[in-house]
Amino acid sequence: MPRTRRALAVILAAGEGTRMKSSLPKVLHQVAGRSMLAHVLTAVAEAGVESVAVVVGPGRDDVRDEALRRTPGATAFVQTERLGTAHAVLAARAAIAEGYDDLLVLFADTPLVTGATIGALRDALAEGAGVAALGFLAADPFGYGRLIQNDAGSLLAIREEKDASEAERAIRLSNAGLMALDGAAALDWLGRIGNVNAKGEYYLTDVIECARADGRDARVVLAEETEVLGVNDRIQLAQAEAVAQDRLRRAAMAAGVTMIAPETVFLCADTSFGRDVLLEPHVVIGPGVAIGEGAVIHAFSHLEGARVGAGAAIGPFARLRPGAQLSDKTKVGNFVEIKNATVAAGAKVNHLTYIGDADIGANANIGAGTITCNYDGFFKYRTEIGENAFIGSNSSLVAPVKIGAGAYVGSGSVVTKDVAADALAVARGRQMEKGGWAAAFRAAQATRKAKK
């Protein structure tokens, strides 16, 4: 339904993530090339939520900075004590008090939730519910809070595992943690939550009973179990990655990408494709990659931060690093690495070559074993190769240097000076030949050996 209600999302991101065994905060670990926190922020934006508050732990400027980088208008609040989920939400009290129709509570370590599901929680509020809780049918509900409903389907309570009766523990309908509250009543309900439970914590789940005490309905919105997977350790991180990759592959194929062996291809959340792209097996695509219509990425290639033009052919065994900009119908062959370089239309870099910090003109041909020598230990320099230039095999181009349009560089050259357009440059030692030298050398060595 159309989004006419104002909404605030409070994203809880203060967990220490000790089970990750990492110096990196748990919510900054990546799934499909994007931090878990960024995935949740993306879903929130897709659901039409205008305002975002992120609750972080003390001293976690890195988490705050990631939130602001992804959502510049977000505000960050510090949770100084760990007294339960309701207490964590109230760390953002000042934001909640600004007044919203919908208050959404999400968790930064639940990265697979979609904008559509967040939208379904909002729809339940728009239809009159005071609270909407996200639930799922757990294959094994052990450890999850149970959603307790009456015969009419209204949500009566959410009971944590440690506080549940035997009958309640038999319920498969489990709490995913995500929740939507009537923004006008949220602060009152959150303030009434107590901590009389096995852990002595203020549970957000108790808001259900507060709402019902005020005569408000509480509802369950269902999601798939894979969508609400929470990540607490490296095993669950790998499980989330597998789900995310399956989603991305299916979406790409539905949009017109061919994958010969989809299970061997790895994508990023921001990968974009034109139609009729072909991905051969064992292709890995990192962040910031766009591949144009009809391009072919051959097997065992790795791309990151690169743009590939329509009809281009990459690999096999090619590496495109950040800043690689390949125009239409370019060719980058096996064991070629390109970094921070532009390759104009029709140019070919076929094999065994490194092109870094360079500009290659249209229809130029770069021979096997060519190296742009771009770094002197202190600074990087650029190499410019004009259109229709021909660089012979095993050449080293010592930047900064310019090879003019249509110029030839002889094989095995070390070019340290600019080459004029349509000129031939040969920069190598003159070949010498000494007749019979090899035979005399072998004879001398044989005599030496015999004397030992």
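## Close-up views of a predicted model

**View 1. Thr 264 sits in a loop between two strands.** Thr 264 lies in the loop that runs between β12 (258–259) and β13. The model shown here and in every other view is predicted. Thr 264 is buried, because its relative accessibility of 16% falls under the 20% cut-off. Leaving aside residues up to four places away in sequence, Thr 264 touches Pro 281, His 282 and Val 283. Gly 305 is 41 residues from Thr 264 in sequence. In space, the C-alpha atoms of Thr 264 and Gly 305 are 20 Å apart.

**View 2. The whole protein chain gives the setting for the close-ups.** The secondary structure of the protein chain comprises ten helices and 33 strands. Its C-alpha trace spans about 105 × 60 × 40 Å along the principal axes. The radius of gyration is 31 Å, whereas a compact globule of 452 residues would have one near 22 Å. Of the 452 residues, 48% count as buried. Among contacts with a separation of 6 or more, 44% come from residues 24 or more positions apart.

**View 3. Helix α1 packs against helix α2.** How are two packed helices described? The description uses the angle between their axes and the distance between the axes. Here, α1 (residues 36–46) and α2 (residues 61–70) pack at an angle of about 35°. Their axes are 10 Å apart. The crossing of α1 past α2 is right-handed. On the α1 side, Leu 37, Ala 38 and Leu 41 make the contact. On the α2 side, the contact residues are Val 63, Glu 66, Ala 67 and Arg 70. Sorted by class, the contact of α1 with α2 has five nonpolar residues, two charged residues and no polar ones.

**View 4. Helix α1 is largely enclosed.** Why is α1 described as largely enclosed by the rest of the structure? Eight of its eleven residues are buried, so the rest of the structure largely encloses this helix. The buried residues of α1 are Met 36, Leu 37, Ala 38, His 39, Val 40, Leu 41, Ala 43 and Val 44. Gly 48 follows α1 and has a positive phi, near 75°.

**View 5. Lys 339 is a buried lysine in a strand.** Lys 339 belongs to strand β23 (residues 331–343). Is this side chain's residue, Lys 339, buried or exposed? Lys 339 counts as buried, because its relative accessibility is 9%. Not counting residues up to four places away in sequence, Lys 339 touches Arg 321, Pro 322, Tyr 354, Ile 355, Gly 356, Asp 357, Asn 374 and Lys 380.

**View 6. Gln 239 lies in helix α9.** Helix α9 covers residues 234–254 and includes Gln 239. Gln 239 is partly exposed, with a relative accessible area of 40%. Thr 226 is 13 residues from Gln 239 in sequence. From C-alpha to C-alpha, Gln 239 and Thr 226 are 9.0 Å apart.

View 7. How many disulfides does the structure hold? The count is zero. Cys 268 is buried, at 5% relative accessibility. Cys 373 is partly exposed, with a relative accessible area of 28%.

View 8. Most peptide bonds are trans. Gly 315 and Pro 316 are joined by a cis peptide bond, with omega about 10°. Pro 316 sits in the loop between β20 (313–314) and β21 (319–320). Ala 399 and Pro 400 are also joined by a cis peptide bond, with omega about 5°. Pro 400 lies in the loop between β29 (396–398) and β30 (401–403).

View 9. Most residues other than glycine have a negative phi. Asp 276 is not a glycine, yet its phi is positive, about 60°. Asp 276 is located in the loop between β13 (272–273) and β14 (278–279). Asp 276 is exposed, with a relative accessible area of 55%. Phe 300 is not a glycine either, and its phi is positive, about 60°. Phe 300 occupies the loop between β17 (296–297) and β18 (302–303). Phe 300 is partly exposed, because its relative accessible area is 43%.

How values were computed:
Residues numbered from 1 in each chain as written. Predicted model: local features only at pLDDT ≥ 70, side-chain atom pairs only at ≥ 80, totals over all residues. Heavy atoms only, no water. Helix = DSSP H or I, 4+ residues; strand = E, 2+ residues; numbered from the N terminus. Buried < 20%, exposed > 50% of the residue type's maximum accessible area, 1.4 Å probe, protein only. Contact = heavy atoms within 4.5 Å. Disulfide = S-S within 2.5 Å. Axes fitted to C-alpha atoms, helices over the stretch in contact; angles between N-to-C directions. Left-handed = near helix turned anticlockwise from the far one by under 90°. Nonpolar A, V, L, I, M, F, W, Y, C, P; charged D, E, K, R; others polar. Rg over C-alpha atoms; globule rule 2.2 N^0.38 Å.
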